[in-house]
Amino acid sequence: MSDSKRVAAHGGRPLLWIAALLFFALVVGYIARPQGQRATDTRRSSLRTTPDGVAALARGIDRLGRTVEPRITPLVDADPVRGTLVLLEPRVFPSPREVKALLDHVNSGGTLLYAPRYRERDEETVETALMDSLGVHFRWRSVVEGVRRDSLQHPEWGDHGLTEGLPAPRPLIHGFRVGGDGGDSVSTRVWNVRPLMGLQDGDEDDWFGAAELALGDGRVVVFAETEPLSNERAGDHPLAVLAVRSALSHTSEVDTVFFAEYHQGILGTETRARVLADFFLGRPRGRTLLHLIAVCFLILACMGLRFGAPAPGVAPPDRERRSPLEHVSALGDLYRKAGASNTAALRLLSRLARAARHPPPRSRAEADLLLGRLATGEGADAPLERVRRGLHADPADLTAIATGIDEHLARRSSP
């Protein structure tokens, strides 16, 4: 292979590696996207089929005759609140204005299926604006209980039509109360509380696992936790059956059950490109991979980049006028330092080819063919034979080649 071909092949490798690296990054990002059995966070969303989502709950309600739709707008300054709203462990807590709009809807006959998000600070639970309006507060769990994952025991169904015929209830981790420790509601909105599921802690204090709160002409069904409603456990957990019954019982056939996806942090359906962008920009693993790709691109760019010209753009003052001999000498030095003597030899032979009206040789084989055609048969000391020996030397003897070409051309031009 000639030096020119070797240089061209070497120059094409960085582009090949960059393409391969980009393809690898896209494949990794596609595989790591949150879909199917993969999720990087927990969202009780009806749009998620991952174990943490509640798509199974939504599809169960839909198959039993009630229309189910996701709501991806807030509760104010958007679509009016209507139908039955399902709000399960919201990641975006409703604002005071949204709470007022929601409770006004319930007072006028609407239904809310609500599971608050458990939060604590300084050994006490934290209530959101909606929890405070309903008078709902969680039982605080100690660090020891959290480590051991202790559950509240002695679960039993309340005397309510929604619980008739259900399998035996199972223990839950969280429990809540409505109102003060004595059970009296501190909220002027709630005028009646009907227990759906009761629990007891280690001190035999009573807590709710689920309850129905009456507000005006409507009601709020509160659940202590949402893991039993998730895709992973909804198939065999009685609390999920209770949630489906609540939605069916309090929603007419012409009405709709809305899952509050806006409050799960979902503002609309996402394209695959958006999923990949969120992975590379919004996830720690994605950002790490993106940084590694950037470093690899930088290394590849440095490998294939020429840092400046071999000679300054403006000649030094003492070398502004360079003679042809100096120019040729400098060019020969560059070829020698670059190890491209074969290329220089082929350049010299181009002069011989043009004088003989032949195409310039591009390889050593074409150069041999050219010298064979122009050979005069004068013996081993003929100019072209010396050119041939200089061409096949290692490295090529540029002086012998140039001298032989000059002598051959001089003999041709002499009478």
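Biologist: Which residues line the largest cavity?

Modeller: This is a predicted model, where local features need pLDDT of at least 70, side-chain atom pairs count only at pLDDT 80 or more, and totals for chains, interfaces and linings use all residues. Residues are numbered from 1 along each chain as its sequence is written, and side-chain values use heavy atoms, without hydrogens and water. The lining is R44, S46, V86, L87, L88, F259, A260, E261 and Q264.

Biologist: What makes a residue part of a cavity lining?

Modeller: On a 1 Å grid over the protein atoms alone, a cavity is a set of points where a 1.4 Å probe fits but cannot get out, and a lining residue has an atom within 4 Å of a point. The largest cavity has a volume of about 40 Å³, meaning the space filled by probe spheres set on the points.

Biologist: Which strand gives the most to the lining?

Modeller: β2, with 3 residues. Strands here are DSSP runs of E, at least two residues, and helices are runs of H or I, at least four. Both β2 (84-88) and β10 (256-260) supply at least two lining residues.

Biologist: Why is the crossing of α10 and α11 called left-handed?

Modeller: The term applies because the near helix is turned anticlockwise from the far one by less than a right angle. Helix α10 (residues 341-355) and helix α11 (residues 364-374) pack at about 30 degrees, and their crossing is left-handed.

Biologist: Which residues of α10 make the contact?

Modeller: N342, L346, L349, L352 and A353, where contact means heavy atoms within 4.5 Å.

How values were computed
Axes are lines fitted to C-alpha atoms, for helices over the stretch in contact, and angles run from 0 to 180 degrees between N-to-C directions. On a 1 Å grid over the protein atoms alone, a cavity is a set of points where a 1.4 Å probe fits but cannot get out, and a pocket is an open set with protein on both sides within 12 Å along at least five of seven lines; lining residues have an atom within 4 Å of a point.
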